[in-house]
Amino acid sequence: MKKLLIIAFLGLFLMIESFAQSAEQKGLEIAKKAEKADLGFGSTTVKLKMVLKNKNGQVSERLLTTRTLELDVDGDKSLITFESPKDVKGTSTLTFTHKVGSDDQWLYLPAIKRVKRISSSNKSGPFMGSEFAYEDLSSQEIEKYTYKYLETKGDLVLVEQYPVDPKSGYTRRVITYNQAKGYRIEKAVFYDRKNSKLKTLTYTDYKLYEQKHWRAGVFEMVNHQSNKETRLIFSDYDFSAKLTETDFTQNALKRSGN
Amino acid sequence: MKYFIFALLFLPFFVQAQDKKAEHDFELELEGEYRYFFSDGQFDHQDKHYPSLALRPKYSVTWNEGEDAFHFKGFFRWDKDIKRTHGDIRELYYQKAKNQWELSVGIKKIYWGVTESNHLVDIINTTDLVESFDGEKKFGQPMVHFSYMTNHIGTFDFFYLPYFRKQIFPGEKARLRYSIIIEDDAIPFESSQETAHQDFAVRWSNSISIFDIGLSYFKGTGREPFFNSDGEGNLVVIYPINSQTGLDVQATTGPVLWKVETIMRNNTFQEMRAFTGGLEYTLGNVGNSGMDIGLLAEYSYDNRGDWALNALQDDLFAGGRFAFNDINSSEVLIGAMMDLEKSSKIYSIEASRRIKNSLKIELEGRFFSNIDPKELILSNFKEDSFLRFTVFKYF
């Protein structure tokens, strides 16, 4: 009898405990589901056109190539090479994302053939004058955020995410997942350090690759405070390149920029 | 050598026939430069205004899914100074890359090192002295370069350097020259093989957590001549056979980069030791403006003292780099090089900005201040403060 009471009490306690944590746990679970749904892409290469628009509507463009290698024990590796404007052609970055701690990043300057290890602690700064911060473009690892489930609207699930790194430019971001489409992200709303709405990123033109991997064809970032916009237009997604670790070394970085 | 270069030139045509999926890329860079020197020169025939024009054609082809590549980069400059009017093959090489190794054959440029104000360990290519003040422009170096990346113990690079490129010293009409005109071909060599002396170099490099480490050894013709006085007031200039060990280390700790470069150079005439070390601290996205400010401080020591050709024998460099991260990639670097033993100071500014998609402008200023009359090298440049304005057009 006494034993039963203890068990019943313990059960009740666990139930309360799980209710109390459910928003955080549910948020984390959704983020994990989204990550799991995209597992096994191996490696990709993609061409990227970045269209920058200032508040007067003036437009400038740049072209990049991005190579990504999926890793499970630690974060992904990526190699980005600029194709235009021509004065920065060949400038490339190699990034080793880490699930915990700061990423390793190297910059290649083709004019003097120099590889320079750079600080990855500047996450909140703009990437090449765009409305994308470095942290928006780096590999999204589960461990880099804490989570809170908000609500479900039909197929759409909203989860609030809080960056772990104090150097992030955001207090939080609200991610809209589409659970009917492999938990792909439809929208992200970013709030600055003062907790005011800063930017909205919309993902459109989705295509399904290898029957499993959803990739958006267009990322559209609107800055509500400056009224500037940046569109990323992806083309020639290639999941068959079979890249390996040797394609993500300092030698590979130099080759990609030459 | 010449036949080999000739053969390499035909390689792209061969590729064309072999691989229809080969990616060709041709580019041309046109540069208009104007240098203005504030004061009259201290030597005869020197001028104040120096307009100049440079051309940089570039061609690359990669094939076999990027495993094979051929690169060419040419250079030619017209200038008032007949010695600065010069051309060079900066790059002309074939490269094969497969998994963990990479082989390059031809003329190539290599960069080693981590510090900003002085480049001690960077030894493979001869500096193109007349081209730039900071010594970051180099002549193409003929080589066979083999690179092997191990899984856990870093990368090993081996260099066979069959031919040496002599330095070009400024001519009579040039600013930033010595009181005497150095005839490039008149400088003797320690080795009877002269420019054909066979040189070798090896480098090990690795990235271990926060550290990036490079250890290098070079045996061959010195990339700069040895200068000294024979004790009777006569200048001794000779290209020695050097053996040089170099070490460069960078530690990346959050926003701070800690950097050290040091070399030991031994030859018949000297035992040279030099060191540069310091830090770079980056304040990212200052006040949410998007601008990054990098603060630089580096100390340089050279046991050649007054005979250190870069005049960095006991000097402190302090500077700031402003990267605006705007659409036009605007950047400004200001700095001061201060001699800790003498009054000599050099202030500098370098700024650049894109104005159109294929047009970029650059501004460089060097200001020599309180140059000590005892300075053997810098005293020649004491009237040579200048502003350089450059426009780059890309085709």
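Predicted model: local features only at pLDDT ≥ 70, side-chain atom pairs only at ≥ 80, totals over all residues.
**Entry 1: B:Ala54**

I counted 18 C-beta neighbours inside 10 Å, so B:Ala54 is classed as partly exposed; a buried residue would need 20 or more. I then placed B:Ala54 in strand β2 of chain B, which spans residues 49–63. Leaving out residues up to four places away in sequence, I listed its contacts as B:Glu31, B:Glu33, B:Phe76 and B:Arg77. I also noted a C-alpha separation of 8.2 Å between B:Ala54 and B:Glu29, which stand 25 residues apart along the chain.

**Entry 2: strand pairing around β20(B)**

From B:Glu29 I went on to its bridge partner in β20(B), which is B:Tyr394. I found β1 (residues 23–37) and β20 (residues 386–394) of chain B running antiparallel, joined by nine bridges. I also checked β19 (residues 359–369) of chain B, which pairs with β20(B) over eight bridges, again in the antiparallel sense. For B:Ile361, I recorded B:Val391 as the bridge partner in β20(B).

**Entry 3: B:Leu340**

Is B:Leu340 buried or exposed? I recorded it as exposed, because 12 other C-beta atoms lie within 10 Å, and the exposed class takes 12 or fewer. I located B:Leu340 in the loop between β17 (331–339) and β18 (345–356) of chain B. Not counting residues up to four places away in sequence, B:Leu340 touches B:Asp314, B:Asp315 and B:Leu316. For B:Leu340 and B:Asp315, 25 residues apart along the chain, I noted a C-alpha separation of 5.4 Å.

I examined helix α3 of chain A, residues 250–257. Six of its eight residues are buried, so I describe the helix as largely enclosed by the rest of the structure. I listed the buried residues as A:Ala252, A:Leu253, A:Lys254, A:Arg255, A:Ser256 and A:Gly257. What do the buried residues of α3(A) pack against? I found β3 (77–84), β4 (92–96), β5 (104–109) and β6 (114–118) of chain A, together with β4 (86–98) of chain B.

I then turned to the contact between the chains, where 23 residues of chain A meet 35 residues of chain B. On the side of chain A that touches chain B, β6 and α3 of chain A each supply at least two residues. I sorted the residues of that side into five nonpolar, twelve polar and six charged.

**Entry 4: nonpolar cores**

I looked up the largest nonpolar core, which has 21 residues. The residues with the most contacts inside this core are A:Ile30, A:Ala31, A:Ala34, A:Val159, A:Tyr177 and A:Phe219. The elements giving two or more residues to it include α1, β1 (43–53), β8 (156–163) and β9 (170–178) of chain A. I noted that α1(A) gives the largest share, three residues.

For A:Tyr177, setting aside neighbours within four places in sequence, I listed contacts with A:Ile30, A:Ala34, A:Val157, A:Val159, A:Tyr183 and A:Ile185. I also recorded a second, separate core of 13 residues, with B:Met143, B:Phe218, B:Ile263 and B:Ala274 among them.

**Entry 5: confidence**

I checked the predictor's scores last. Chain A has a mean pLDDT of 89, with 92% of its residues at 70 or more. Chain B averages 93, and 95% of the residues score at least 70. For the complex, I recorded an ipTM of 0.93 and a pTM of 0.91.

Key
Residues numbered from 1 in each chain as written. Chains lettered and ligands numbered in written order. Helix = DSSP H or I, 4+ residues; strand = E, 2+ residues; numbered from the N terminus. Contact = placed C-beta atoms within 7 Å. pLDDT = per-residue confidence, 0-100. Nonpolar A, V, L, I, M, F, W, Y, C, P; charged D, E, K, R; others polar. Core = buried A, V, L, I, M, F, W, Y, C linked by C-beta atoms within 7 Å. Pairing = 2+ DSSP bridges.
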